[in-house]
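Hi everyone, thanks for coming. Have a look at the model on the screen, and I'll walk you through a few spots in it.

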Amino acid sequence: MTAIKHALQRDIFTPNDERLLSIVNVCKAGKKKRNCFLCATVTTERPVQVNVVKVKKSDKGDFYKRQTAWALRDLAVVDAKDAVKENPEFDLHFDKVYKWVASSTAEKNTFISCIWKLNQRYLRKKIDFVNVSSQLLEESVPSGENQSVAGGDEESVDEYQELNAREEQDIEIMMEGCEYAISNAEAFAEKLSRELQVLDGANIQSIMASEKQVNILMKLLDEALKEVDQIEIKLSSYEEMLQSVKEQMDQISESNHLIHLSNTNNVKLLSEIEFLVNHMDLAKGHIKALQEGDLTSSRGIEACTNAADALLQCMNVALRPGHDMLHAVKQQQQRFSDLREQFARRLASHLNSVFVQQGHDQSSTLAQHSVELTLPNHHPFHRDLLRYAKLMEWLKNTDYGKYEGLTKHYMDYLSRLYEREIKDFFEVAKIKMTGTTKEGKKFATLPRKESAVKQETESLHGSSGKLTGSTSSLNKLSVQSSGNRRSQSSSLLDMGNMSASDLDVADRTKFDKIFEQVLSELEPLCLAEQDFISKFFKLQQHQSISGTTNEAEEMDGGNLSRSNISGVPQTISSEKDMIRQMMTKIFRCIEPELNNLIALGDKIDSFNSLYMLVKMSHHVWTAQNVDPASFLSTTLGNVLVTVKRNFDKCISNQMKQMDEVKISKKSKVGILPFVAEFEEFAALAESIFKNAERRGDLDKAYTKLIRAVFISVEKVANESQKTPRDVVMMENFHHIFATLSRLKISCLEAEKKEAKVKYTDHLQSYVIYSLGQPLEKLNHFFEGVEARVAQGIREEEVSYQLAFNKQELRKVIKEYPGKEVKKGLDNLYKKVDKHLCEEENLLQVVWHSMQDEFIRQYKHFEGLIARCYPGSGITMEFTIQDILDYCSSIAQSH
């Protein structure tokens with residue numbers, strides 16, 4: 001092992017300026033045994049670095065190489081596995097655990113001992129030596145420059161014995177005296193030994209020479225001790241003298257502390273008493289006002305309000321810790337609680353009686369409004385109650401149970417009062433709409449659908465009878481009247497037209513005014529009541545609410561969705577919802593009554609839905625601008641949905657009537673009833689929806705209706721037997737075009753152009769079809785001429801054809817003298833007159849078109865004669881001027 005150690009030192013460590021201190025032959029535990037060496041080394045340069053180096057034999061030659069090196073400062077644990085039994089295994093914990101098996105236990109122990117010594121000498125760090133025998137670990141010795149490493153053989157001691165600076169200097173001086181060349185080491189050692197003996201003798205002599213001085217020093221020390229004893233005696237006497245003074249001063253200090261503490265306590269006690277007296281003392285005047293104050297006069301209400309505020313301040317004072325344990329404070333709090341309960345009960349009872357009395361007083365004034373279409377004014381009632389607004393706020397903050405009870409009582413009384421007022425108000429409105437009281441004679445002659453049953457039912461059925469006379473009878477009579485204008489049905493048509501034009505316009509105008517007055521009366525009533533509720537019950541009407549607020553649900557039996565927990569409600573989302581709930585309870589009859597009124601107006605005349613849609617939309621828009629979430633806005637919005645449904649139903653009924661219309665097979669058609677109804681509807685709608693908010697709904701209805709009208713006209717024209725299809729199409733589309741041109745409805749411009757095109761096309765078709773070939777034989781003759789020309793015969797050579805020579809032409813022309821032509825035209829005029837109706841007045845237009853068409857045919861014949869029979873001198877027996885005269889005289893004669 002020594003030879004290997006020297007070889008490793010020479011080959012590996014000396015070139016790296018390192019000294020090898022210990023070596024152990026090891027192999028890795030649990031693997032195939034491949035031996036290597038663990039070496040403990042130190043560097044020769046300062047600062048000294050200690051390493052553990054792994055060295056193994058090279059595979060390619062008989063020499064060793066350095067494989068891995070760890071710094072000793074990175075070593076954390078040395079585990080020897082067993083401290084008692086001999087065991088060659090040991091672990092070194094660096095960055096990970098390295099398990100080794102030494103070739104012998106002695107080598108392992110020597111290596112571990114060397115590691116411990118190096119740690120003690122150079123590192124002084126905490127390395128845990130586990131399962132290591134205490135004999136291997138030597139105790140630490142005092143540190144110093146001359147400290148040597150104990151234990152081990154002399155060779156190891158000499159190897160890491162360190163010289164201090166003084167020793168190094170002396171050796172250098174000695175080496176200089178020997179000129180750094182020592183030829184005889186033994187002679188040099190003897191010389192050093194002799195010099196050391198000389199130095200030891202000199203030291204002994206020096207010590208013996210200083211003995212006298214030591215004796216003198218000891219004597220001086222004895223004298224100093226005696227002086228110290230005397231000083232201690234004097235200090236003891238002084239301390240005994242001051243002991244009595246100290247006791248007296250302690251007594252005085254303690255007395256002063258007690259006096260200061262007593263004064264401090266008295267000041268604090270006075271402050272607490274003043275605090276309680278100032279903040280929990282209620283004036284006698286306030287107590288009297290709370291117990292006996294007059295709640296009917298303004299001065300008494302003001303005194304009670306001030307007393308209630310003072311009581312609330314006393315009850316809400318923030319007591320300091322411990323105050324609530326004082327008997328007097330408890331008594332005062334109980335007194336305040338009794339006063340609060342007594343006054344709250346008295347205030348609630350008084351306000352309940354005020355609610356009842358005001359309800360009775362208001363009911364007595366209903367008689368004067370029974371005839372007029374106005375709602376009673378609640379402003380005096382609100383003005384009187386607003387005097388109690390501050391007391392209501394006090395009651396809300398102190399006794400929420402009674403505040404909630406007052407709220408319920410107010411809603412109960414007012415809901416019954418408003419229900420009577422509003423129902424009477426709507427009864428008056430219904431009477432004025434139907435006219436059953438004062439204007440019953442106006443509808444006496446019109447047919448009714450059902451017999452009268454009760455008051456409102458009588459007015460309802462009487463009104464629906466008017467609808468039958470104005471709208472339904474118009475649908476039936478218009479079809480009959482167009483066939484025979486001179487029959488008895490013409491008188492019925494005149495009556496129907498009169499009711500539809502004169503009576504309906506007046507009734508609709510009256511209905512519009514009444515409906516507007518109803519909404520105008522309801523709107524300020526609801527707004528005034530909502531404003532009063534907000535002020536009287538101290539609810540924030542325009543409170544900002546974060547997040548989505550659900551619509552207020554209708555209360556069941558007047559119970560608000562709030563609870564009285566410690567006087568503070570927690571279950572309702574906001575006071576704004578509470579206002580809406582109260583308004584819903586108080587005015588619960590408004591929406592049903594409005595719906596009933598709307599149903600009545602719709603039954604009186606379905607066109608009333610147009611007026612209601614415009615008026616209701618305007619009022620909803622106004623209410624939403626004020627407060628989109630208010631009761632009025634919500635209620636009117638719900639009613640508006642009903643009105644819109646009625647409007648859509650009105651449009652659907654008209655379209656349904658178009659599909660169900662039946663025409664007479666024995667009379668001519670004329671202007672179809674639904675075409676006239678569309679004209680009436682459009683004229684009425686344009687007057688109603690002028691500058692209205694819901695113009696878009698009307699435009700959609702226009703589009704649906706006009707398309708249905710077009711389809712129904714086509715259907716009736718195809719089914720018509722008495723009147724030619726072209727006449728039905730021509731007259732009705734002319735009427736539609738005239739209506740749209742007069743009303744100038746922007747959304748129906750395309751339909752207006754389409755109606756004009758259809759009217760023009762069917763006019764031309766009817767003229768061509770009706771006129772046909774008035775000179776039939778002459779037409780056949782010239783058709784043969786045109787056929788020969790088409791076969792390739794030149795026009796001037798046609799006269800040489802046997803069947804088409806000049807003599808044949810003269811024979812045909814002689815058959816159509818002017819008298820016969822006039823007779824044929826007269827028969828044609830009568831035929832056209834039978835087809836056309838009088839309402840549209842298209843006879844002259846059609847006759848003029850037929851005249852133009854006949855002249856066109858005449859010119860065509862003259863042209864063929866001039867081309868095919870040139871120079872023959874053959875002409876028609878009548879001229880164009882004769883045709884004009886014939887047509888004019890026929891038109892004038894009829």
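Let's start with the rings: searching the whole structure gives 26 aromatic pairs. For Phe, Tyr and Trp (its six-membered ring), rings pair if their centres lie within 6.5 Å; planes under 30 degrees apart are stacked, over 60 edge-to-face, and the rest tilted. One of these pairs is F355 with F536, an edge-to-face arrangement at 6.4 Å centre to centre with 70° between the planes. F355 sits in helix α9 (residues 327-364) and F536 in helix α14 (residues 489-536), so this pair ties together parts that are 181 residues apart in sequence. F355 is buried at 0% relative accessible area, and F536 is buried at 0% too. Buried here means under 20% relative accessible area, exposed over 50%, and partly exposed in between (1.4 Å probe, protein chains only). F355 and F536 also belong to one aromatic cluster, together with F381, Y400, Y403, Y410, F532 and F537.

A quick word on where this comes from. The model is predicted, so please keep in mind that local features need pLDDT of at least 70 and side-chain atom pairs count only at pLDDT 80 or more, while totals for chains, interfaces and linings use all residues. Residues are numbered from 1 along each chain as its sequence is written, and side-chain values use heavy atoms, leaving out hydrogens and water.

Now the whole chain. The protein chain has 27 helices and eight strands; these are DSSP runs, H or I of at least four residues for helices and E of at least two for strands, numbered from the N terminus. Of its 894 residues, 42% count as buried. Among contacts with a separation of 6 or more, 70% join residues 24 or more positions apart, a contact being heavy atoms within 4.5 Å.

What about disulfides? The search of the whole structure finds zero, with a disulfide taken as a pair of cysteine sulfur atoms within 2.5 Å. For C39, the nearest cysteine sulfur is that of C36, 9.3 Å away. C39 is buried, at 0% relative accessibility, and C650 is buried at 2%.

Last stop, A80. Where does A80 lie? It is in the loop between β5 (77-79) and β6 (89-93). A80 is buried, with a relative accessible area of 3%. Leaving aside residues up to four places away in sequence, A80 touches E89, F90, K108, I112, V130, N131 and V132. Thanks, and I'm happy to take questions.
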